[in-house]
Amino acid sequence: MKSISVSGVSRRFGSFTAVEGVDFEMGPGEVVGLVGANGAGKTTLIRMILGLLEPSEGRIRVFGQKHTRQQRRRIGYVPQSLGLYRDLTAQENLEFRAEAFGAEPAVVGVASAGLIGDMSLGAQRRAAFAAATQHDPELLVLDEPTSGVSPLSRTRLWDLIRLRAEAGTAVLVSTHYMDEAEQADRLVLMSHGRIVAEGSLGSIIGSEAAVAVDADPWDRAFAVLDTGSRLLTLAGTTIRVLGESLELVGATLAEAGIVANLRTVPATLDETMVMLDS
Amino acid sequence: MNAPSGVSWGVQDLKVDYGKTKALRRVSLRIQPGVIHAVVGGDGAGKTTLLRVLAGLGLDTGGIIRIPGAGRIGYVPPNGGVFGDLSVAENMEFVADAYRLSGWQPRGAALLGRAGLDRFGDRLAGRLSGGQRRKLAGSMALLPEPDLLVLDEVTTGVDPVSRMDLWRLIASAAAGGAGVVIATGYLDEAERAGQVLLLHEGTQLASGTPQALKEGMRGTVSDVPSPDGHRAWRRGRRWRQWDPDGAGGGKVTLEDVAIVAELSTEGRAR
């Protein structure tokens with residue numbers, strides 16, 4: 001049975017359509033990354049999956065059923081704000097939350113003595129994860145779960161997330177960072193309320209191309225290209241132009257008398273999101 | 001308007017204390033004009049402290065610090081840099097007044113245009129989206145054409161579309177010859193910088209171009225079927241494993257480098 005099944009779901013707020021015609025499924029043990037720019041509809045979709053918001057159209061099933069209070073107990077959620085009480089210790093946070101879920105409180109491994117508000121962000125994130133998983137949820141929804149922590153702490157958090165997935169929990173991670181997106185088994189890319197791409201990281205970033213420009217000196221070439229609403233970025237001294245053909249970029253540079261080496265390269269995940277958004 | 005050629009800003013053997021807390025130890029960064037330098041690390045690494053020193057904010061410091069005069073530095077503090085109860089246009093005007101700029105309006109309009117804020121001149125900064133606020137802060141920092149641009153986590157929590165606008169702003173400052181220092185927690189962003197400084201708990205783990213950092217990493221990191229000990233971590237369903245005595249080679253990412261650098265300090269602590 002699918003952990004989440006979303007079919008033909010739309011959600012409107014007045015005349016604004018936040019989510020439109022979304023079909024999406026995920027099963028137990030899967031780690032899915034939900035990516036997209038702000039306003040893409042990620043948060044609205046998540047709120048509907050959590051049962052906090054009714055769809056205007058379409059059908060959402062979690063564990064094959066409509067939302068009920070009992071079902072809520074099978075879901076764990078860590079918002080970006082972590083949802084911890086800052087003036088309680090980590091252990092007190094766990095106990096308080098466990099009681100609400102009728103679960104046995106977990107034991108926080110590290111620094112459980114201090115108040116949450118005094119702990120490092122990495123320790124706070126581990127505590128929030130422990131609080132959201134102590135009732136052994138079958139579905140975990142995480143919003144940028146490793147933002148702001150050191151690279152090693154990030155991998156340690158992903159160890160915890162992966163252990164849950166291996167034990168059969170479905171994990172839905174909302175993010176717009178590559179560092180997190182590459183940890184997912186599958187990505188779902190949203191833009192303007194719709195799902196615009198779905199699949200492995202490799203298949204999504206292979207779908208769009210950028211033009212890489214190497215010129216010496218690079219700064220003159222950049223100044224020439226840095227006009228209007230061109231989608232332009234820099235990697236080291238390589239200029240990257242999006243949404244324009246190699247010929248057109250070459251012509252713009254040639255007109256300014258700049259000799260450059262141009263190549264068509266696969267767009268990064270960031271660049272793909274920007275292109276699908278514009 | 002830019003640093004005279006041959007002059008570079010930066011810090012050498014920097015030491016910073018907050019009372020009894022050692023915030024930074026033995027940190028060195030040479031800032032080259034026209035180059036984007038990424039200062040990378042997690043919470044508590046010391047990024048903000050280093051950037052405050054570079055912005056010329058008075059701290060209890062030791063070591064050598066070379067920065068331009070206050071009027072030649074553009075600084076965006078974390079989560080700040082704009083006045084929420086002033087409009088977008090008034091925020092720009094405020095900077096122009098503070099720096100006594102004349103004839104700044106065309107440049108100001110161009111910066112706001114690049115940031116996609118030209119339609120929002122009358123809007124209160126406090127009513128902009130998070131990404132728009134960061135772009136306004138960046139535009140304000142760039143307005144006086146600083147020699148040194150210091151940006152503390154301007155892209156954190158910002159969505160990819162605004163992030164690209166910010167990178168274009170930052171790159172345009174570098175193309176104009178400014179030295180740029182940007183603090184970030186994200187390695188994919190650091191990968192795009194010309195120079196990278198990895199900080200962890202107030203000390204410097206490594207510095208150099210992204211390429212040099214990858215080539216200079218100690219040992220080997222490779223995919224393994226199952227982890228062996230604490231020197232392994234996951235990337236998706238795969239495991240990465242560090243062998244400190246490995247001969248090197250193989251494809252290594254900046255994330256691998258940062259993890260290995262942090263693991264090395266754990267080894268020393270044990």
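I started with G33(A) and looked for its bridge partner in β8(A): that is L187(A). This is a predicted model, so everything I note here is read from predicted coordinates. The two strands, β3 (residues 31-35) and β8 of chain A, run parallel and are joined by 4 bridges.

Next I followed L187(A) to the other neighbour. In β9(A), L187(A) is bridged to G199(A), and V188(A) has E198(A) as its partner there. I counted 5 bridges between β8(A) and β9 (residues 194-199) of chain A, and this pair is antiparallel. The hairpin of β8(A) and β9(A) has 2 residues between the strands, and H192(A) takes a positive phi near 50° in it.

How many residues of strand β8 (residues 186-191) of chain A are buried? I got 5 of the 6, so the strand is largely enclosed by the rest of the structure.

Then I zoomed out to the sheet. It is open, has 6 strands in the order β5-β6-β7-β3-β8-β9 of chain A, and its pairing is mixed. Which strands stand at the edges? They are β5 (75-78) and β9 of chain A; each has a single partner strand, so one side of each has no neighbour in the sheet. Going from one strand to the next, I get an average twist of 15°.

I checked which helices sit on this sheet. α4(A) packs on it, touching β5 and β6 (139-143) of chain A, and its direction makes about 160° with that of β5(A). α10(A) lies across β3, β8 and β9 of chain A, at about 35° to β8(A).

Domains came next. The assignment for chain A gives domain 1 as 4-205 and domain 2 as 209-277. Their centres, taken over C-alpha atoms, are 36 Å apart. The contact between them takes 13 residues from domain 1 of chain A and 9 from domain 2 of chain A. By class, the domain 1 side has 10 nonpolar residues, 3 polar and no charged.

Last stop was the other chain. I found 38 residues of chain A in contact with 35 residues of chain B. The elements of chain A that give two or more residues to this side are α4 (121-133), α5 (151-166), α6 (178-181), α8 (218-225), β11 (231-235) and α10 (269-277). The largest share, 7 residues, comes from α5(A). I sorted the chain A side by class and got 17 nonpolar, 12 polar and 9 charged residues.

The axes of α10(A) and α5 (residues 160-175) of chain B come within 9 Å and cross at roughly 110°. The two helices are therefore roughly perpendicular to each other. α10(A) makes the contact with D270(A), M273(A), V274(A) and D277(A), while α5(B) uses P160(B), V161(B), R163(B) and M164(B). I get 5 nonpolar, no polar and 3 charged residues for this contact.

Technical notes: Residues numbered from 1 in each chain as written. Chains lettered and ligands numbered in written order. Predicted model: local features only at pLDDT ≥ 70, side-chain atom pairs only at ≥ 80, totals over all residues. Buried ≥ 20, exposed ≤ 12 C-beta atoms within 10 Å, placed from the backbone. Pairing = 2+ DSSP bridges. Contact = placed C-beta atoms within 7 Å. Nonpolar A, V, L, I, M, F, W, Y, C, P; charged D, E, K, R; others polar. Domains from an automatic or database assignment. Axes fitted to C-alpha atoms, helices over the stretch in contact; angles between N-to-C directions. Parallel < 35°, antiparallel > 145°, perpendicular 65-115°, else oblique.
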